[in-house]
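Biologist: I'd like to learn how to read helices and their packing from a model. Can you take me through one?

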Amino acid sequence: LLCGVVALFSEKYLHRESGFHRFFLLLCLFGFGDTLTILAGSVETLYAAWETLGLTSALLIGFFHERAGPVQNGFYAFVVYRFSDLCLALATVTIYHLAKTGDFSSFLGHAAWPNHQTTLSPNGASLVGFLILLAAMGKAGQLPFSGWLRRAMEGPTPSTAIFYGALSVHAGAFLLLRCSSLLDASPALAAATA
């Protein structure tokens, strides 16, 4: 719904820009990545969606590529996202090593949220949870990874409003909520999150 509203606004707002069609392609890819992040049933699907969000966000920050500033800021955001994606990739590999599967219900518990309990050991939950916390902090622009957020304002106004004010920065919080049983299993990790 939010992507649709932004698309309607952007049709008139960006109608004379040279990258008009490129913007809508990136908007659709971002909407796809955001929807897939929410609906993912396994960590590998979540990782693919996470990558899509990061790539489209960096490309939208550097949308006005004829100027040096947006390109540099897009690259900066891309580097922060790469770190975030690396942490999520390491968490995915660790989950497969510990749980032998990537399905959320298998390692986060079968009960309905928020009553589920992880099947991982406390040490395993702490390790995976710490990696997921770093991934979420990078995507959400939390300290010490917040430098990309102010640089994101170089992108087109519609993408700045929807992605960094509404959807993109909340992907990290959603990931932490999705994996809350890992936080419950590790008091140190829960304290670090607070």
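Predicted model: local features only at pLDDT ≥ 70, side-chain atom pairs only at ≥ 80, totals over all residues.

Biologist: How many residues does helix 4 have, and how far does it reach from its first C-alpha to its last?

Modeller: Helix 4 covers residues 68-99, which is 32 residues, and it reaches 46 Å, close to the 46 Å expected. Just past its end, Lys100 has a positive phi of about 65°.

Biologist: Now the packing. At what angle do the axes of helix 3 and helix 4 cross?

Modeller: Angles over 145 degrees count as roughly antiparallel. The axis of helix 3 (residues 43-61) comes within 8 Å of that of helix 4, and they cross at roughly 175°. These two helices are therefore roughly antiparallel to each other. Their contact has 15 nonpolar, 6 polar and 4 charged residues.

Biologist: And how far apart are the axes of helix 1 and helix 2?

Modeller: Those axes are 11 Å apart, with helix 1 (residues 2-13) and helix 2 (residues 20-39) packing at about 175°. So this pair is roughly antiparallel too. Helix 1 brings Cys3, Val6, Ala7, Ser10 and Glu11 to the contact, while helix 2 brings Phe20, Phe23, Phe24, Leu27 and Gly31. By class, that makes 7 nonpolar, 2 polar and 1 charged.

Biologist: Last one: which residues line the largest cavity?

Modeller: Glu17, Ser18, Gly19, Arg22, Phe63, Phe64 and Glu66 do. The space inside is about 30 Å³, and the lining has 2 nonpolar, 2 polar and 3 charged residues.

Notes
Residues numbered from 1 in each chain as written. Heavy atoms only, no water. 1 Å grid on protein atoms, 1.4 Å probe; cavity = no way out; pocket = protein on both sides within 12 Å on 5 of 7 lines; lining within 4 Å. Points joined across faces, edges and corners; volume = space filled by probe spheres on them. Nonpolar A, V, L, I, M, F, W, Y, C, P; charged D, E, K, R; others polar. Helix = DSSP H or I, 4+ residues; strand = E, 2+ residues; numbered from the N terminus. Expected span 1.5 Å × (residues − 1). Axes fitted to C-alpha atoms, helices over the stretch in contact; angles between N-to-C directions. Parallel < 35°, antiparallel > 145°, perpendicular 65-115°, else oblique. Contact = heavy atoms within 4.5 Å.
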